[in-house]
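Keep the picture open as you read.

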Amino acid sequence: MPFSDKNIVVGVTGCVAAYRTCQLVADLVGMGADVDVIMTKNATEFIMPQTFESLTHNPVTVDTFNRNKKWEVGHVSLAQKADLIMIVPCTANVVGKIANGIADDMLTTTVIATKAPVLIAPAMNTNMYTNTVFQENVAKLKNTGFYFVNPIEGRLACGAVGMGHIADEQVILDEAKNILFEGNLKGKTVLVTAGATEEPIDSVRG
């Protein structure tokens with residue numbers, strides 16, 4: 001399975017597209033990943049944490065100062081555990097916070113504390129997506145090593161049709177695979193062979 005033995009932290013932000021993350025998380029688990037979900041408080045207005053707990057069999061983290069779990073610095077433990085952090089969907093607000101070093105909730109704090117690669121799949125209104133400030137924040141994060149799966153054109157929650165619809169789950173999964181495994185062969189010399197070749201000399205001899 002492609003994600004066997006991989007620890008993936010999935011961040012969910014306050015966007016109606018949060019329901020799409022359920023299938024993504026289910027697919028990750030089905031492909032062998034150990035998935036921890038962090039939700040912003042706004043995200044819980046769209047989908048209940050229990051949904052992700054049922055899919056992952058892990059507790060969902062919302063509150064940075066949750067006292068109901070064993071003592072550990074939560075954002076640090078998840079940041080260290082993660083092989084990959086995925087924020088799906090990601091709002092303009094959260095992109096802006098990360099780009100400017102703001103860590104005021106469990107998700108942004110974990111992202112800033114991690115050494116793992118971070119994959120962001122934005123989803124928002126077209127005018128928000130094309131806003132110059134948002135695009136500058138995206139460019140800033142890309143320049144510092146963050147990965148993005150761009151949204152596509154589609155029908156948005158506001159009723160408009162345009163750029164800002166979250167990318168297809170399979171596209172996001174494929175990018176996650178690329179990120180996790182792209183470094184496996186870096187710096188190595190690889191010989192690819194298909195075995196011996198054979199050509200006929202004449203109608204009798206090969």
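## A strand covered on both sides

In this predicted model, strand β3 is covered on both of its faces: L84, M86, V88 and C90 are buried on one side, and I85, I87 and P89 are buried on the other.

## The neighbours of β3

Which strands does β3 pair with? One is β1 (residues 7-12), which runs parallel to β3 and is joined to it by four bridges. To find your way around, look for I8, which stands opposite L84 of β3.

Another is β4 (residues 118-122), again parallel and again with four bridges to β3. Here the pair to look for is C90, which sits opposite P122 in β4.

## Helices α1 and α2

Now for the helices. Two packed helices are described by the angle between their axes and the distance between those axes. For α1 (residues 20-30) and α2 (residues 49-56), the axes come within 9 Å and cross at roughly 20 degrees. An angle under 35 degrees counts as roughly parallel, so that is the label for α1 and α2. The crossing of α1 past α2 is right-handed.

Who actually touches whom? On the α1 side you'll find T21, C22, V25, A26 and V29, and they meet T51, F52, L55 and T56 of α2. Sorted by class, this contact has six nonpolar residues, three polar ones and no charged ones.

Which residues of α1 are buried? They are R20, T21, C22, L24, V25 and L28. These buried residues pack against quite a list of partners: β1, β2 (34-39), α2, β3, β7 (161-165) and α8 (169-181). After α1 comes G32, with a positive phi near 100 degrees.

## Helices α4 and α5

The other helix pair is α4 (residues 92-99) with α5 (residues 106-113), packed at an angle of about 40 degrees with axes 10 Å apart. Are they parallel or oblique? With that angle, α4 and α5 are therefore oblique to each other. Their crossing is right-handed.

The contact is made by V94, K97 and I98 from α4, together with L107, T108 and V111 from α5. By class, that gives four nonpolar residues, one polar and one charged.

How values were computed. Residues are numbered from 1 along each chain as its sequence is written. This is a predicted model: local features need pLDDT of at least 70, side-chain atom pairs count only at pLDDT 80 or more; totals for chains, interfaces and linings use all residues. Side-chain values use heavy atoms; hydrogens and water are left out. Buried means under 20% relative accessible area, exposed over 50%, partly exposed in between (1.4 Å probe, protein chains only). Helices (H or I, at least four residues) and strands (E, at least two) are DSSP runs, numbered from the N terminus. Two strands pair if DSSP finds at least two bridges between them. Axes are lines fitted to C-alpha atoms, for helices over the stretch in contact, and angles run from 0 to 180 degrees between N-to-C directions. Angles under 35 degrees count as roughly parallel, over 145 as roughly antiparallel, 65 to 115 as roughly perpendicular and the rest as oblique. A crossing is left-handed if the near helix is turned anticlockwise from the far one by less than a right angle, and right-handed if clockwise. Contact means heavy atoms within 4.5 Å. Ala, Val, Leu, Ile, Met, Phe, Trp, Tyr, Cys and Pro count as nonpolar, Asp, Glu, Lys and Arg as charged, and the others, Gly among them, as polar.
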